[in-house]
Amino acid sequence: MIDFNLPIRPRRNRRSAAVRALVSENEVTVNDLVMPLFVIDGENQKIEVKSMPNIYRFSIDLLVEECKELWDLGIKGIDLFPALDDSIKDKVASESINPEGLYQRAIKAVKAAVPEMLVITDVAMDPYSSDGHDGYVEDGEIINDKTLPILAEMAVAQAKAGADIIAPSDMMDGRVEVLREALDDAGFTDVGILSYSAKYASAFYGPFRDALDSAPKSGDKKTYQMDPANVREAIREVELVFSEGADMVMVKPGMPYLDVVRAVAEMSELPVAVYNVSGEYSMLNAAAQNGWLDYERVVKETLLSFKRAGADIILTYHAKEFAKWTQDK
Ligand code: PBG
């Protein structure tokens with residue numbers, strides 16, 4: 001054998017499973033995960049989202065059962081989205097503040113059945129808007145300052161129903177400050193705000209819009225969601241919400257924006273969440289269905305990449321299956 005003089009051998013730290021476990025820098029656990037869930041009207045309904053295998057739109061009764069199951073699996077947070085019939089939608093998202101509306105009833109039902117489950121709710125007009133936009137539309141334009149009071153009322157309605165954390169996903173300017181004030185004025189000083197601060201105008205939201213039937217009726221979301229070319233803009237958005245009163249910030253989507261997660265993690269004084277969105281979920285499922293990828297391994301590797309990039313919280317449609325895999329071990 002040739003006698004190499006090689007004192008530095010990184011492979012020593014990879015020699016056995018035991019040493020690999022010892023030197024491992026990052027780990028994903030169920031504590032990091034939030035499961036997004038879709039709710040629809042009716043009873044005993046569990047309808048699979050066409051482009052998202054194993055992801056369902058649940059009626060409230062089955063949503064509650066799902067939440068119990070998630071809680072038992074160790075998942076402590078859900079992010080809830082309503083899928084509403086077009087007939088109920090209008091220009092000002094009136095249905096979003098209906099105390100007896102689907103969303104508010106769903107929040108109440110989950111909190112009643114699994115009180116400790118963290119219920120994160122979505123603040124944006126799109127599920128309720130006849131225009132399919134996150135903001136108020138006038139002559140084809142999204143009007144920022146007319147949207148803010150609508151969002152404020154929506155947030156308060158959700159807090160009244162029992163939301164623990166509200167998550168504005170609309171990307172209007174100044175909304176975190178307005179929402180914080182509205183929540184405080186209504187006495188909800190303990191309700192947190194998870195700000196979708198760096199939310200990009202992404203094609204990876206496609207399957208989600210199928211699930212909710214919430215795609216814009218005209219135009220796109222590029223005047224409010226961010227340009228995928230930008231990082232500096234993400235930092236600016238995140239900096240703004242420190243003083244507006246956010247409790248957590250989010251980067252969305254996940255996989256194609258890991259550099260943004262890293263950049264935000266390095267400057268953020270708040271916990272950082274990442275949203276591993278619908279299209280990312282669909283991609284891995286499609287490849288797995290074709291037998292092209294080992295599903296469990298690529299999902300675990302993907303979730304780990306978010307932790308490595310610096311995220312504290314991961315919103316992911318993989319949350320339930322990940323929890324099952326972990327429990328089975
Ligand atoms: C809308 C909203 C979207 C998502 C969460 N909230 C879609 C959009 O902005 O068009 C996407 C989530 C996903 O794709 O998983 N307020």
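Trainee: Is Asp 184 buried, exposed or partly exposed, and what is its relative accessible area?
Mentor: Buried means under 20% relative accessible area, exposed means over 50%, and partly exposed lies in between (1.4 Å probe, protein chains only). Asp 184 is therefore partly exposed, as its relative accessible area is 32%.

Trainee: Thanks! Which pLDDT must side-chain atom pairs have to count?
Mentor: Residues are numbered from 1 along each chain as its sequence is written, and side-chain values use heavy atoms, without hydrogens or water. This is a predicted model, in which local features need pLDDT of at least 70, totals for chains, interfaces and linings use all residues, and side-chain atom pairs count only at pLDDT 80 or more.

Trainee: Which residue does the side chain of Asp 184 make a polar contact with?
Mentor: Asp 184 sits in helix 5; helices (H or I, at least four residues) and strands (E, at least two) are DSSP runs, numbered from the N terminus. A polar contact is a pair of N or O atoms within 3.5 Å; within protein, one must be able to donate a hydrogen and the other to accept it, and residues adjacent in sequence count only if both atoms are side-chain atoms. At 2.9 Å, the partner of the Asp 184 side chain is the side chain of Arg 180.

Trainee: How are helix 4 and helix 5 oriented to each other?
Mentor: The axes of helix 4 (residues 144-161) and helix 5 (residues 175-185) come within 9 Å and cross at roughly 45°. Axes are lines fitted to C-alpha atoms, for helices over the stretch in contact, with angles from 0 to 180 degrees between N-to-C directions. Under 35 degrees counts as roughly parallel, over 145 as roughly antiparallel, 65 to 115 as roughly perpendicular and the rest as oblique. The two helices are therefore oblique.

Trainee: Where is Ser 96, and is it buried or exposed?
Mentor: Ser 96 lies in the loop between strand 4 (77-82) and helix 3 (102-113). Its side chain reaches the backbone oxygen of Ala 93 at 2.7 Å. With a relative accessible area of 1%, Ser 96 is buried.

Trainee: And what is the relative accessibility of Ser 195?
Mentor: Ser 195 lies in strand 9 (residues 192-199). Not counting residues up to four places away in sequence, Ser 195 is in contact (heavy atoms within 4.5 Å) with residues including Pro 168, Arg 175 and Met 250. Ser 195 counts as buried, because its relative accessibility is 0%.
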